[in-house]
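This briefing goes through a protein model topic by topic, for reading beside the sequence and the coordinates.

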Amino acid sequence: MEKKMIHLEKALTGLGKEATPELLEQFSFYMEAILEKNEHINLTAIKDREAFEIKHFVDSIVCIGHPAIEDAKKIVDVGTGAGFPGIPLALVYPEKEFLLFDSLNKRIKVLEEICQKMGLKNVTLLHGRAEELAKKKEHREQYDLCVSRGVAHLAILSEYCLPLVKVGGWFGAYKSQSAEGEIFESRKAFHLLGGKPEGQTDFPLEEPSLDHSVFWIRKTSPTAAKYPRKAGTPEKNPLI
């Protein structure tokens, strides 16, 4: 490992996880692999390694310690992009099963290659759209936890994510720390989709400062079969 990942090590320790040399080496390998691939396909705008460590790795593990992740066995990452937050969480929780999917097949192919090189056995990668995946019996309401760093409005993300979560499970939305307004605006969406907002998780350490908190929505009842609506409709006519 070229440089010790000080911010990640401190974050893991502060969140109650052992930052072993082997784990930190895995994170370092993943970062270097993404940055190498980033020269050929747009995966991340963050190329500085310290910023990458903070904004992708530390940010992804903010949810550590919450019952939603600690108790989950099957986790789905919607719109994973360059693998965040799914891959960092899969590295920290090798005993849990992760499905990562994205609408851009080029990204999925890159992640498949990197995960194969890393020998990650607890990650499945899938190309597809959320509105299609959530209609399939093998995925609908099959996951204990859904996570997403998607930039769409929370009402739109909820329509894509909550149908994948089993009753009693959780949806963890990585949003800016000033997203309380989205929670308020999304009350109708939560009600229609079977969810209930239950607080947020902020990063407990003063340094480094992060842009994201995780807003938690608990799945309290089954999602009606008509959700999610066909492609494009949630964006054009969100449930707000």
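This is a predicted model: local features need pLDDT of at least 70, side-chain atom pairs count only at pLDDT 80 or more; totals for chains, interfaces and linings use all residues.

A residue is called buried when its relative accessible area is under 20%, exposed when that value is over 50%, and partly exposed in between. Cys161, with a relative accessibility of 0%, therefore counts as buried.

- Strands of a sheet pair through backbone hydrogen bonds, and they may do so in a parallel or an antiparallel manner.
- Here seven strands form an open sheet in which the pairing is mixed and the order of the strands is 3-2-1-4-5-7-6.
- The edges of this sheet are strand 3 (123-127) and strand 6 (195-201), each of which pairs on one side only.
- When direction is ignored, neighbouring strands of the sheet are turned against each other by 20° on average.
- Strand 5 (residues 165-176) and strand 7 (residues 212-219) run antiparallel and are joined by seven bridges, and within this pair the bridge partner of Ala173 is Phe215 of strand 7.

**Helix 8 against the sheet**
- Helix 8 (residues 154-161) lies across strand 1 (74-78), strand 4 (143-148), strand 5 and strand 7, and its direction makes an angle of about 145° with strand 5.
- Because eight of the eight residues of helix 8 are buried, this helix is largely enclosed by the rest of the structure.
- The buried residues of helix 8 are Leu154, Ala155, Ile156, Leu157, Ser158, Glu159, Tyr160 and Cys161, a list that includes the charged residue Glu159.

**Cysteines**
- A disulfide is a covalent bond between the sulfur atoms of two cysteines, and the cut-off applied here is a sulfur pair within 2.5 Å.
- By this rule the model has zero disulfides.
- The closest cysteine sulfur to that of Cys146 belongs to Cys161 and is 3.6 Å away, which is too far for a bond.
- Cys161, for its part, is in no disulfide, and its nearest cysteine sulfur is that of Cys146.
- Cys146 has a relative accessibility of 0% and so counts as buried, and Cys161 is buried at 0% as well.

**Helix packing**
- Two packed helices are described by the angle between their axes and by the distance between those axes.
- Helix 2 (residues 21-37) packs with helix 3 (residues 49-60) at an angle of about 110°, the axes being 11 Å apart, and the two helices are therefore roughly perpendicular to each other.
- To this contact helix 2 brings Phe27, Tyr30, Met31, Glu32, Ile34 and Leu35, while helix 3 brings Arg49, Phe52 and Phe57; by class these residues are seven nonpolar, no polar and two charged.
- Helix 1 (residues 6-14) also packs with helix 3, at an angle of about 25° and with the axes 9 Å apart, and these two helices are therefore roughly parallel to each other.
- The contact is made by Ile6, His7, Leu8 and Ala11 of helix 1 together with Glu50, Glu53, Ile54, Phe57 and Val58 of helix 3, and it divides into six nonpolar, one polar and two charged residues.

**Backbone features in loops**
- Most residues other than glycine have a negative phi, and most peptide bonds are trans.
- Phe84 and Pro85 are joined by a cis peptide bond with omega about 5°, and Pro85 is placed in the loop between strand 1 and helix 5 (86-92).
- Tyr227 and Pro228 are likewise joined by a cis peptide bond, with omega about 0°, and Pro228 is placed in the loop between strand 7 and helix 11 (233-236).
- Glu141 has a positive phi, near 50°; Glu141 is in the loop between helix 7 (130-133) and strand 4 and, at 22% relative accessibility, counts as partly exposed.

**Buried residues in loops**
- Thr80 is in the loop between strand 1 and helix 5, yet is buried with a relative accessible area of 2%.
- Apart from neighbours within four places in sequence, Thr80 is in contact with Leu100, Phe101, Asp102 and Leu111.
- Arg149, in the loop between strand 4 and helix 8, is buried with a relative accessible area of 17%.
- Not counting residues up to four places away in sequence, Arg149 touches Lys55, His56, Asp59, Ser60, Phe84, Pro85, Tyr174 and His212, and among these Phe84 and Pro85 are the pair joined by a cis peptide bond.
- Between Arg149 and Val214 the C-alpha to C-alpha distance is 9.2 Å, although they are 65 residues apart in sequence.

Key: Residues are numbered from 1 along each chain as its sequence is written. Side-chain values use heavy atoms; hydrogens and water are left out. Buried means under 20% relative accessible area, exposed over 50%, partly exposed in between (1.4 Å probe, protein chains only). Two strands pair if DSSP finds at least two bridges between them. Helices (H or I, at least four residues) and strands (E, at least two) are DSSP runs, numbered from the N terminus. Axes are lines fitted to C-alpha atoms, for helices over the stretch in contact, and angles run from 0 to 180 degrees between N-to-C directions. Contact means heavy atoms within 4.5 Å. Angles under 35 degrees count as roughly parallel, over 145 as roughly antiparallel, 65 to 115 as roughly perpendicular and the rest as oblique.
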